[in-house]
Amino acid sequence: MLVIKTQHDLVEKLNDFRKKGHSIGLVPTMGALHEGHLSLIRCSLSRDSVTVVSVFVNPTQFNDPEDLKKYPRDPDADQKILEKILRPGDLVFMPDEREVYPEPDKRVFNFGILDKVMEGKFRPGHFNGVAQVVSRLFDMVKPGHAYFGLKDFQQLTIIKAMVHMLDLPIQIISCPVIREPDGLAMSSRNIRLDEKKRKEAPLIYRTLSEAVRLKNNYTVEDLKQWVVDHIEKHSSLRVEYFEIVHTDTLQTVLSWEEPGDKQGCIAVWAGKVRLIDNISFT
Ligand code: AMP
């Protein structure tokens with residue numbers, strides 16, 4: 001694998017690969033790599049003859065400066081992990097901020113309600129920042145495929161909407177949530193959990209799974225309340241929101257009778273660490 005720091009080197013190398021007929025897959029990450037990221041990378045390795053893994057903690061998607069400061073960063077460990085999994089021709093793109101944003105990105109995307117609900121409501125500006133960085137990466141890499149985790153369910157919906165809006169010739173591939181053996185969704189933020197919160201955190205997915213089983217005994221509204229009460233009664237975790245939405249529009253589901261796929265999405269505070277997860281109610 002080759003570690004590349006500048007846009008110039010990246011574009012040059014990729015043009016070369018494209019001329020030789022390679023298919024290019026992009027896996028955008030913010031580093032502190034874990035099995036969740038590696039599952040996306042494996043997926044690209046199985047489909048594309050060149051995989052580009054980007055590692056960049058994007059400041060424009062952090063609405064909370066404290067969160068940006070505390071976000072785990074370990075580029076040396078990331079490189080060691082990537083060396084083991086990537087092939088000789090694959091690329092790791094580790095730019096600094098000026099490479100990604102030579103000047104401040106002032107673009108404002110209009111995603112309608114998609115970025116107003118759930119994460120968008122509690123993290124204003126977050127998805128605009130995500131769209132800025134992902135569109136910059138798409139522009140530099142011009143991949144045929146780009147891989148995103150269902151862990152960030154709303155993000156995936158927004159990226160798909162952006163690709164549609166900008167009419168980009170990129171296929172977005174969604175990959176399943178990778179979990180710890182106790183069910184906790186893997187996240188770079190998990191290492192910030194203290195021992196007590198780490199023990200409590202699997203309750204999030206246990207409760208979501210139980211809610212799917214209980215679905216027919218409750219109205220949508222009552223089940224949402226049950227999830228919040230159950231988590232808060234049995235732990236020191238605090239639920240920021242739990243919503244059940246239509247998968248494609250992110251509109252709130254009002255009744256189980258409404259047609260179409262449904263997803264339950266949750267954000268929980270474990271002390272000062274914010275965790276998200278989701279589950280299918282279809
Ligand atoms: P991040 O580094 O947190 O920005 O995540 C980079 C990519 O990895 C995103 O597409 C995430 O959805 C995906 N990802 C993060 N955690 C997981 C997980 N536990 N399972 C599957 N994908 C994940």
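The expected span of a helix is taken as 1.5 Å times one less than its number of residues, helices (H or I, at least four residues) and strands (E, at least two) being DSSP runs numbered from the N terminus. The model is predicted, with local features requiring pLDDT of at least 70 and side-chain atom pairs counted only at pLDDT 80 or more, whereas totals for chains, interfaces and linings use all residues. Residues are numbered from 1 along each chain as its sequence is written, and side-chain values use heavy atoms, with hydrogens and water left out.

For helix 1 (residues 7-19), the 13 residues should span 18 Å at 1.5 Å a residue, which agrees with the 18 Å between its end C-alpha atoms. Leu10, Leu14 and Phe17 of this helix are buried (under 20% relative accessible area, exposed being over 50% and partly exposed in between, with a 1.4 Å probe and protein chains only). Viewed down the axis of helix 1, the buried residues fall within an arc of 55° and therefore line one face of the helix, the arc being that of the directions from the helix axis to the C-beta atoms. On the other side of helix 1, His8, Glu12 and Lys19 are exposed.

The buried residues of helix 1 pack against strands 1, 2, 3 and 4 and against helix 7, contact meaning heavy atoms within 4.5 Å. An open sheet of 6 strands has the order 1-4-3-2-5-6 with parallel pairing, where two strands pair if DSSP finds at least two bridges between them. Strand 1 (2-4) and strand 6 (171-175) stand at the edges with a single partner strand each, so one side of each lacks a neighbour in the sheet.
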